[in-house]
Amino acid sequence: MNFITSRKEALNVLENYIEKDISNYATQRNFDFGPHNRKNISCLSPYLAHRLISEYEVLKKVLSKHPYQKVDKFIQEIFWRIYWKGWLELRPKVWTDFVEDIKNIENSNEYKKAINGETNIDCFNDWVKELKEYNYLHNHTRMWFASIWIFTLKLPWQKGAEFFLKELYDGDAASNTLSWRWVAGIQTKGKNYIAQNWNINKFTSNRYKDLKLNENPQPIIDRRDYKISPINIGNNETTSNILVFFENELDFQIFNIDSYKKIYCILLSNEERQIKLENKVLEYKKNLIKNQIQNSTLKIEFVEGNKFIELSSNEKNFDVIYPSIGENMSFLKRTMKKNNLIINYLTREEDKYCWKFSNKGYFNFKLNIPKILSQFKLN
Ligand SMILES: Cc1cc2nc3c(=O)[nH]c(=O)nc-3n(C[C@H](O)[C@H](O)[C@H](O)COP(=O)(O)OP(=O)(O)OC[C@H]3O[C@@H](n4cnc5c(N)ncnc54)[C@H](O)[C@@H]3O)c2cc1C
């Protein structure tokens with residue numbers, strides 16, 4: 001598996017997938033055939049997580065080639081991503097609590113064994129190695145991994161979610177945190193996901209047998225209740241002559257940004273992050289940014305977070321491409337408070353429209369898919 005770093009190549013991956021492989025998605029997607037055979041899924045997540053290509057662009061391209069009914073499973077998975085993002089936007093405290101929880105959990109010996117792939121569960125150890133080597137895991141494997149982590153190894157879900165964020169090229173605050181909560185049985189209260197021997201056996205084409213797993217666990221209980229809060233996403237009018245964006249919004253061209261005097265792209269270093277990333281992941285992000293900047297006709301300066309802090313001790317007004325709840329947003333909020341900044345957000349119209357439907361469960365969100373597709377002429 002080789003994840004590329006330019007938008008042009010990412011678009012090629014998408015075009016190829018739409019032409020050749022997407023029609024098998026519904027029947028084959030749950031199989032993990034191993035890192036050298038990934039044609040049954042799209043492997044687009046690292047590009048989507050950095051918005052080198054956007055969810056909406058993917059939807060439009062897929063639906064321009066195939067009727068909805070033929071690709072509905074794939075379309076719904078893209079909408080799962082949008083749904084999770086909206087869900088976290090409406091409940092940002094879920095993210096900040098998760099980050100705080102981590103600070104209060106010690107790294108036990110069992111935890112150290114798990115992240116080094118030294119447990120007595122073969123498949124789990126293999127997945128740890130695979131995650132570190134390819135910085136990616138198949139969706140079904142992420143579900144098994146999280147379930148084994150929580151219910152068989154009895155480790156805190158927060159440390160598992162942190163481990164994924166450190167290692168994944170597609171690490172994403174919403175999809176990752178909420179999926180781990182879902183496996184634990186906190187997201188859908190009382191409904192945990194249980195990894196079972198027969199299921200792993202079947203969907204790994206018999207690579208793993210006789211696994212000793214806890215197949216009868218109780219869901220994790222978390223009594224914290226999260227109320228919906230309004231999203232502060234601005235009206236997209238320019239109020240500053242300086243534009244800032246982060247590495248998770250790399251298709252910046254869709255915004256009208258030609259007239260800014262200065263444009264900065266920020267990649268937070270590990271000193272500026274609450275969850276530290278592996279160097280390989282930071283390198284990957286750096287390469288994505290470099291390619292996007294090189295391929296742009298605009299003059300964009302690539303900076304780390306400390307440069308932005310320095311800048312904002314003089315300049316107080318910034319337009320910022322909305323970075324979504326997560327590490328970048330937390331950094332921005334800290335800096336706003338420290339330096340008394342006035343930030344005006346530029347947000348994709350599609351995001352603004354979709355996120356409000358994440359106020360309840362996915363079933364309810366899904367009912368809005370036809371409306372979303374027609375509102376933005378995606379089908
Ligand atoms: C415990 C756990 C942690 C996860 N952490 C992340 C994460 O940090 N970042 C991330 O992008 N995804 C995460 N996912 C969701 C999903 O596993 C990945 O998006 C998917 O495996 C990426 O591979 P793909 O691009 O080949 O997906 P495909 O199966 O080809 O799907 C196409 C796209 O749809 C979206 N998608 C598919 N499945 C899901 C899903 N279950 N939830 C949300 N979006 C989905 C992704 O954007 C994906 O790129 C996690 C899932 C679990 C169970």
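**Salt bridges and the nonpolar core**

A salt bridge, that is, a side-chain nitrogen of Lys or Arg within 4 Å of a carboxyl oxygen of Asp or Glu, joins Glu77 to Arg29, with N and O 3.0 Å apart. This pair connects distant parts of the chain, as Glu77 belongs to helix α5 and Arg29 to the loop between α2 (25-28) and α3 (45-49), 48 residues apart. Helices (H or I, at least four residues) and strands (E, at least two) are DSSP runs, numbered from the N terminus. The structure is a predicted model, in which local features need pLDDT of at least 70 and side-chain atom pairs count only at pLDDT 80 or more, while totals for chains, interfaces and linings use all residues. Residues are numbered from 1 along each chain as its sequence is written, and side-chain values use heavy atoms, with hydrogens and water left out.

Burial is described by relative accessible area: buried means under 20%, exposed over 50%, and partly exposed in between (1.4 Å probe, protein chains only). On this scale Glu77 is partly exposed at 23%, whereas Arg29 is buried at 13%.

A further salt bridge links Lys262 and Glu301, whose closest N and O atoms are 3.5 Å apart. Here Lys262 sits in strand β2 and Glu301 in strand β3 (residues 301-303), 39 residues apart. Lys262 is partly exposed, at 32% relative accessibility, and Glu301 is partly exposed at 30%.

Asp251 and Arg7 also form a salt bridge, at 3.7 Å between the closest N and O atoms. Asp251 lies in the loop between β1 (242-246) and β2 (262-266) and Arg7 in helix α1 (residues 7-21), so this pair ties together parts 244 residues apart in sequence. Both Asp251 and Arg7 are buried. The count of salt bridges comes to 26, and a network of them links Arg51, Glu55, Arg81, Lys85, Asp172, Glu249, Arg348 and Asp351.

Turning to the interior, a nonpolar core is a set of buried Ala, Val, Leu, Ile, Met, Phe, Trp, Tyr and Cys residues joined through side-chain atoms within 4.5 Å. The largest one holds 133 residues, of which Phe79, Phe145, Ile148 and Trp149 touch the most other members. Helix α5 (residues 72-90) supplies the largest share of this core, nine residues.

Tyr284 is buried, with a relative accessible area of 5%. Leaving aside neighbours within four places in sequence, Tyr284 is in contact with Phe3, Ile4, Thr5, Pro46, Tyr47, His50 and Tyr169.

Notes. Contact = heavy atoms within 4.5 Å.
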